[in-house]
Amino acid sequence: MLEQITATRYVTPLKEGGSLPGIVEADDLGTYVLKFRGAGQGLKVLVAEVLVGELARGLGLDVPRLAVVDLQAPIAKYEADEEVQDLLTASLGHNLGIDFLPGSFGYDGSRPPAADVAADILWLDALTANVDRTWSNPNLLVWHRRPWLIDHGAALYFHHGWPSRGADAERFAAQRFDASTHVLRDVASSPAAAHERLAPALTTELLDRVTALVPDEWLEPAPGLESSESLRTAYREHLQARVANPAAWLPEDAS
Ligand SMILES: Nc1ncnc2c1ncn2[C@@H]1O[C@H](COP(=O)(O)OP(=O)(O)OP(=O)(O)O)[C@@H](O)[C@H]1O
Ligand SMILES: [Mg+2]
């Protein structure tokens, strides 16, 4: 399980628009970026954040620590901003906390990661169909001179089709990936070599460990996927089918 903590104070919204993530303090004296369960995109975004973030960590990449943050009624009640109050009220219970990295800055290309690290990140994004790491939205923070991965809510979008289409691992496995706009495309070494490094590390054990970190209550039943265990298995099978089919999605080596 992810660590469970309780929010003690809502500090500020992070920025306008989007999912309106906020900064909170918690009873472990930490500060977290909070992704709200009551934000428009729903619980699946939180599931993708946990799965892809923890996969990245399991593969040796830097990801801020994730925690489940309990948000209780008094914090919502005493919030003055009406829009924020509505969001907090809609998000009572378990939300996703991402350890706030003080002094980090958004990736701007001035401190590119090592070529192999860049290739590993590009590979992970291609594998998980994460379209959200482009120049317009790098979702990469530089902290202690290293690249830290954030914002994986848009990855694994196949699960948004589960309510109607059911699970179809082969379809996801065959999905192309457009690497042309990826923020690390030009600094990454060979994606094929990254595949050789990382595909063997994507073991059943790692996938089981990572899917087990998602709280049961975030796993919404879909037709044919009624139990949280069947949903965890479906995520694992989707990723296993895709990693076995790199011809469909692995970016080409730059020539
Ligand atoms: N752990 C963190 N530490 C410090 N700053 C963070 C952290 N997580 C996010 N931020 C800052 O907040 C911004 C928004 O976070 P994030 O991208 O996760 O939210 P989002 O709602 O998905 O945004 P968008 O959809 O616009 O990408 C980031 O671009 C970054 O500047
Ligand atoms: Mg973002």
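This is a predicted model: local features need pLDDT of at least 70, side-chain atom pairs count only at pLDDT 80 or more; totals for chains, interfaces and linings use all residues.

Me: OK, how many residue pairs are in polar contact across the interface of domain 1 and domain 2?
Reply: The rule finds 6, both residues of a pair being at pLDDT 80 or more.

Me: And which elements supply the domain 1 side?
Reply: Helix 1 (43-58) and strand 5 (93-99) each bring at least two residues to the side that touches domain 2. Helices (H or I, at least four residues) and strands (E, at least two) are DSSP runs, numbered from the N terminus. Helix 1 gives the most, with 15 residues.

Me: Where do the domains run, by the way?
Reply: Domain 1 is 3-99 and domain 2 is 105-249, with bounds from an automatic or database domain assignment. Their C-alpha centres lie 21 Å apart.

Me: How much area do they bury between them?
Reply: About 2800 Å², 75% of it on carbon and sulfur atoms. That's the accessible area (1.4 Å probe) that two parts lose on being put together, summed over both. In domain 1, K44, L59 and D62 lose the most to domain 2, together 25% of what that side buries.

Me: What about salt bridges, how many between the domains?
Reply: The count is 4, taking a side-chain nitrogen of Lys or Arg within 4 Å of a carboxyl oxygen of Asp or Glu. Separately, K35 forms a salt bridge with D151, and their closest N and O atoms are 3.6 Å apart.

Me: Switching to backbone: which residue has a positive phi of about 70°?
Reply: L29, although it is not a glycine. Most residues other than glycine have a negative phi. L29 is in the loop between strand 2 (22-26) and strand 3 (31-35).

Me: Is L29 buried or exposed?
Reply: Exposed, because its relative accessibility is 82%. The cut-offs are under 20% relative accessible area for buried and over 50% for exposed, with partly exposed in between (1.4 Å probe, protein chains only).

Me: And what's the story with N139?
Reply: N139 has a positive phi of about 50° and isn't a glycine either. N139 lies in the loop between helix 4 (115-127) and strand 7 (140-143), and is buried, with a relative accessible area of 9%.

Note on methods. Residues are numbered from 1 along each chain as its sequence is written. Chains are lettered from A and ligands numbered from 1 in the order in which they are written. Side-chain values use heavy atoms; hydrogens and water are left out. A polar contact is a pair of N or O atoms within 3.5 Å; within protein, one must be able to donate a hydrogen and the other to accept it, and residues adjacent in sequence count only if both atoms are side-chain atoms.
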